[in-house]
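Student: Could you take me through a structure and show how its contacts are read?

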Amino acid sequence: MELATILCFFAPFLFLVIFKSFFSPSKGRELPLPPGTMGWPYIGETFQMYSQDPNVFFSTKIKRYGSIFKSHILGCPCVMISSPEAAKFVLNKPQLFKPTFPASKERMLGKQAIFFHQGAYHANLRRLVLRTFMPDAIKDKISNIESVVQSCLNSWEGKSITTFLEMKTFTFKVALLSIFGKDEILYREDLKRCYYTLERGYNSMPINVPGTLFHKAMKARKELAQILAQIISTRRNKKPEEYNDLLSSFMDEKAGLSDEQIADNIIGVIFAARDTTASVLTWIVKYLGENPSVLEAVTEEQEAIIRDKEESCEEMGLNWSDTKKMLVTSRVIQETLRVASILSFTFREAMEDVEYQGYLIPKGWKVLPLFRNIHHSADNFKEPQKFDPSRFEVAPKPNTFMPFGNGTHACPGNELAKLEILVLLHHLTTKYRWSVIGAKNGIQYGPFALPQNGLPITLYSKK
Ligand code: HEM
């Protein structure tokens, strides 16, 4: 048969196939994509987003297109969402949206870490993490946290310090305490050396050749795994009832985790716990310094706790019921979480074509719930730019306040984070004052929002 004859024969079928693929839309294709622009091929709008404050980029788009819009960032088509309902929808539908991270980050933290998973494995890990960090389990840790607070504050007194760096030292120690319990002190220095190298490479270009930060970080990651393997094997020779920490929760026979899974998740929890809590503490120090009446109210509340203890001849160390009396201080934490919104957004990926509010979110696209824009919207919070802890005397509208995320992957460490902040603020405000060194304004992202240069201060005793 000649080519022309073959073409003539198949032409009607070919026409039908082409016509169908162009004009007979599948269920998904009937829907429009959200409004917005995709920028240049491949690079999309990455430069626009990073050449300015990312939040200005987002809020300009929201003004123009509304609470759901499309863009193209870091080589990926994305849908950004900034309404509380849409954020709740995306974060609570794990069957439609999965967490997504660059492969280099997965390699660095460990592929088996909780953040990267869904389904039964994820649910098991969450159960193990939550049982270590729920209020009943962390109540007993207060006196240990208090000792860490006191030794940190003593070592900063009379010195000029970079608040963020010192807060990182504090939150690192608390993280190790909750993971390794009383053995923390034995491993601190080795873990610190490796973890700090790993961290320096986390945001570097993922080029694994000798000399690069990434290469050093990957080497440190390997060493960290060896140290953890050693710790796990030492723990196997101890009586389980001696411990009540994350490692024992992971090593419980019923947990069914391999040593590698345990190591990946320990590194993951240190990563999740440390810079986040340290950034929030740094912002609190900044806001308290800028708002003397709030600082006074917090100090008064904390001094009242000491007075009550003295009057009733109670032991001086803090206990769980003391922390429940810290209402003003807790509102300062909430307002700081809102204003600073240290995690501006998170990433999910659509696992299938999803219809939302008449728009198509195509399979494979990234979806970004914009926490900071939700927290800074005047629809949700009156005068959103103002630091005003008293706004939390009334509960915020549902789903408008999600500093710890929402749904399946919401932060399991939020109670520990709040507790360590309360204990630090108790001692900071009752015994010390501070002055900021240099420029007082400006935000840097690394990747968490932080006051410029990590907030250098001089800390001095009140007496
Ligand atoms: C103020 C400090 C903290 C903030 C603002 C914070 C915020 C968050 C947010 C927003 C998420 C959800 C991310 C997403 O959905 O993509 C998250 C997840 C997580 N956080 Fe936190 N966090 C803090 C402290 C901590 C601490 C102290 C720990 C551990 C003790 C911790 C452990 C985790 C873990 C393990 C996850 C992953 C949960 C999962 O994937 O199921 N975080 N955190």
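What follows is a dialogue on the ligand site and the aromatic pairs of this predicted model.

Student: Which protein atom is the donor to the iron atom of the ligand?

Tutor: One looks for N, O and S atoms within 2.8 Å of the metal. Here the iron atom has a single protein donor, SG of Cys411, at 2.3 Å, and Cys411 itself sits in the loop between helix H17 (371–375) and helix H18 (414–431).

Student: How many residues surround the ligand, and which are the closest?

Tutor: The shell around the ligand holds 25 residues, with His122, Thr346, Arg348, His409 and Cys411 as the closest. By class, these shell residues comprise 15 nonpolar, eight polar and two charged.

Student: Which helix gives the most to the shell around the ligand?

Tutor: Helix H6 (119–133), helix H13 (259–290) and H18 each supply at least two residues of that shell, and H13 gives the most, namely six.

Student: Which side chains place a polar atom 2.7 Å from an oxygen atom of the ligand?

Tutor: A polar contact is a pair of N or O atoms within 3.5 Å. His122 has a polar side-chain atom 2.7 Å from a ligand oxygen, Arg126 likewise has one at 2.7 Å from an oxygen atom of the ligand, and for His409 a side-chain N or O atom is found 2.7 Å from a ligand oxygen.

Student: How many aromatic pairs does the structure hold, and how is the geometry of a pair judged?

Tutor: There are 17 aromatic pairs in the structure. Planes over 60 degrees apart count as edge-to-face, and Phe172 with Tyr196 is such a case, with 5.6 Å centre to centre and 70° between the planes. This pair links distant parts of the chain, since Phe172 belongs to helix H9 (residues 163–180) and Tyr196 to helix H10 (residues 184–202), 24 residues apart; both Phe172 and Tyr196 are buried.

Student: Why is the pair of Tyr202 and Phe271 called tilted?

Tutor: The planes of Tyr202 and Phe271 stand at 45°, with the ring centres 4.7 Å apart, so the pair is tilted. Because Tyr202 lies in helix H10 and Phe271 in helix H13, the pair ties together parts 69 residues apart in sequence. Tyr202 counts as buried at 13% relative accessibility, whereas Phe271, at 23%, is partly exposed. Both rings also belong to a cluster that ring pairs form with Phe101, Phe115 and Phe116.

Student: Where do Arg235 and Arg338 lie relative to aromatic rings?

Tutor: Arg235 lies over the face of Tyr243, 3.5 Å from the ring centre, and Arg338 lies over the face of Phe381, 5.1 Å from the ring centre.

Methods
Residues are numbered from 1 along each chain as its sequence is written. This is a predicted model: local features need pLDDT of at least 70, side-chain atom pairs count only at pLDDT 80 or more; totals for chains, interfaces and linings use all residues. Side-chain values use heavy atoms; hydrogens and water are left out. Donors are N, O and S atoms within 2.8 Å of the metal (3.2 Å for Na, K and Ca); water is not among the atoms, so sites may look incomplete. Helices (H or I, at least four residues) and strands (E, at least two) are DSSP runs, numbered from the N terminus. A residue is near a molecule or strand if one of its heavy atoms lies within 4 Å of it. A polar contact is a pair of N or O atoms within 3.5 Å; within protein, one must be able to donate a hydrogen and the other to accept it, and residues adjacent in sequence count only if both atoms are side-chain atoms. Ala, Val, Leu, Ile, Met, Phe, Trp, Tyr, Cys and Pro count as nonpolar, Asp, Glu, Lys and Arg as charged, and the others, Gly among them, as polar. Rings of Phe, Tyr and Trp (its six-membered ring) pair if their centres lie within 6.5 Å; planes under 30 degrees apart count as stacked, over 60 as edge-to-face and the rest as tilted. Buried means under 20% relative accessible area, exposed over 50%, partly exposed in between (1.4 Å probe, protein chains only). A charge sits over a ring if NZ of Lys or CZ of Arg is within 6 Å of the ring centre and within 35 degrees of the ring normal.
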